[in-house]
Amino acid sequence: MMKILITGCNGFVGKHLVEFCLSQQCEVIGIGRGEGSQEPSDIHDKYTYVKGDFSDVEFVKNLLDHFQPDGLIHLAAQSSVKDSWSDISGTVDVNLSKTVSLYEGIRKSTLANKLKVLSVGSSEEYGYIDQGKMPIRESERLLPVSPYGLSKYLVETVNEYYIRQFGLNILHARPFNHIGPGQSLGFVVPDFSAQIVNIELGKQAPVMNVGNLDAKRDFLDVRDIVRSYFLLLQYGTQGEIYNVCSGISISIRSILDTLVSMSNIKITVNVDPKLIRKIDVPDYYGSNEKIQHELSWTPEFHISTSLADSLNYYREIIKV
Ligand code: GDD
């Protein structure tokens, strides 16, 4: 039975990853900052939640020596692109320094380079890519635009250093746009879903406030993403980078149309200038050839299932 340690286990992706690893009969140790939520996974007999701060190298070392996990998936980060613009130094500082202290703890533990580590980056590392270069491959030059993208790009440099200098067994994923139940407001599908539910409940006039509907994005269900992380941890290669994406882009307009068609409301659309971004890449999609080829991973969730599940998630949490 595999034992997996997960940082950032209480976040949107973290919760799904814990659930998935438990469903694969793994033993899971989650590290988080809070008290830990009361999700079903938290009271599973194969799950241990540890509250702690891994900027404390000794804490990490002792944790690893105690639990002796086979693998570690590092999700914890300041992960909001929006917030990264209002706190550039804080985002870069947190994402970099916590990664370094985590690796220091690993290096000093009895596991050292025996521990396989999946570092989770982002498609934001690519930045503004010419349309002619789509689908974006792992070999594409990284020219991050957002401070969040910059922080993850710098994390890759830290990864390279710890592999080269200390032989740590690290590999890195670059996931594209996530969707699925549990995602918080601020991303497009939750923003649309919550408005539809508020309109259904009569809490909002039947007018949907939207931003740029012409943009196209490469969406992947969070449950497909966490399955890829699980496979990468087992079969990925040290020092390699893997895109995690669907390989196609879908317009935000069609996302809106599909979500609205899942409800019986009649709406009008209001393009809110406040939701139009100064920098918004028009179309963006990655190549998933490498991960398909090396891990036989393909997305399983159809976009309509992901959208229905996101909408139903908001139907459950927004009450009259
Ligand atoms: N959030 C939001 N809300 N976006 C809107 C809206 C709206 O009401 N209306 C249109 N959009 C457009 C945005 O302008 C953008 O082109 C697209 O929908 C997707 O926006 P987001 O869901 O906010 O994602 P993103 O493309 O900025 O990517 C971020 O989120 C992904 C997570 O799902 C980045 O953090 C990615 O790295 C990350 O993968």
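## Around the ligand

Helix 6 gives the largest share of the shell around the ligand, 3 residues. Helices here are DSSP runs of H or I with at least four residues, strands are runs of E with at least two, and both are numbered from the N terminus. Helix 6 covers residues 188-200, and like strand 7 (177-179) it supplies at least two residues of that shell. In total, 22 residues surround the ligand, and the closest are His 178, Gly 186, Val 188, Arg 277 and Asp 280. A residue counts as near a molecule or strand if one of its heavy atoms lies within 4 Å of it.

Now for some polar contacts, meaning pairs of N or O atoms within 3.5 Å; within protein, one atom must be able to donate a hydrogen and the other to accept it, and residues adjacent in sequence count only if both atoms are side-chain atoms. Asp 280 has a side-chain N or O atom 2.7 Å from an oxygen atom of the ligand. Arg 217 puts a polar side-chain atom 2.8 Å from a ligand oxygen, while Gly 211 uses a backbone N or O atom, 2.9 Å from a ligand nitrogen. Taken alone, the ligand would expose 710 Å², and the protein buries 93% of that. Accessible areas come from the Shrake-Rupley method with a 1.4 Å probe, and for residues only the protein chains shown count as cover.

## What kind of model this is

This is a predicted model, so local features need pLDDT of at least 70 and side-chain atom pairs count only at pLDDT 80 or more, while totals for chains, interfaces and linings use all residues. Residues are numbered from 1 along each chain as its sequence is written, and side-chain values use heavy atoms, with hydrogens and water left out.

How many of the 14 residues of helix 7 are buried? The count is 11, so the helix is mostly covered, where buried means under 20% relative accessible area, exposed means over 50%, and partly exposed is in between (1.4 Å probe, protein chains only). Among the buried ones are Tyr 229, Phe 230, Leu 231, Leu 232 and Leu 233, along with Asp 224 and Arg 227.

## Salt bridges

The structure holds 17 salt bridges, each one a side-chain nitrogen of Lys or Arg within 4 Å of a carboxyl oxygen of Asp or Glu. One of them joins Arg 174 and Glu 125, at 3.6 Å from N to O. Arg 174 lies in strand 6 (residues 169-175) and Glu 125 in the loop between strand 5 (116-120) and helix 5 (147-166), so this pair ties together parts that are 49 residues apart in sequence. Both partners are buried: Arg 174 has a relative accessible area of 3%, and Glu 125 has 0%.

Arg 107 and Glu 104 also meet in a salt bridge, at 2.9 Å from N to O. These two both sit in helix 4, 3 residues apart, or about one turn of the helix. Arg 107 is partly exposed at 31%, whereas Glu 104 is buried at 14%. Glu 140 pairs with Lys 133, with their closest N and O atoms 3.6 Å apart. Here Glu 140 is buried at 17% and Lys 133 is partly exposed at 42%. Elsewhere, salt bridges that share partners link Glu 104, Arg 107 and Lys 108 into one network.

## A nonpolar patch

On the surface, Trp 85, Ile 88, Tyr 128, Val 145 and Ile 279 make up a nonpolar patch with about 480 Å² of accessible area together. Patches are built from residues with over 30% relative accessible area and no salt bridge, joining like charges within 9 Å and nonpolar side chains (Val, Leu, Ile, Met, Phe, Trp, Tyr) within 5 Å. Ile 88 belongs to helix 4 (residues 88-108) and is partly exposed, at 41%.

Most residues other than glycine have a negative phi, and most peptide bonds are trans. The bond from Met 134 to Pro 135 is cis, with omega near -10°, and Pro 135 lies in the loop between strand 5 and helix 5. Gln 25 has a positive phi, near 65°; this residue is in the loop between helix 1 (12-23) and strand 2 (27-32) and is exposed at 56%. Ser 296 has a positive phi too, near 55°, in the loop between helix 9 (289-295) and helix 10 (303-317), and is exposed at 64%.
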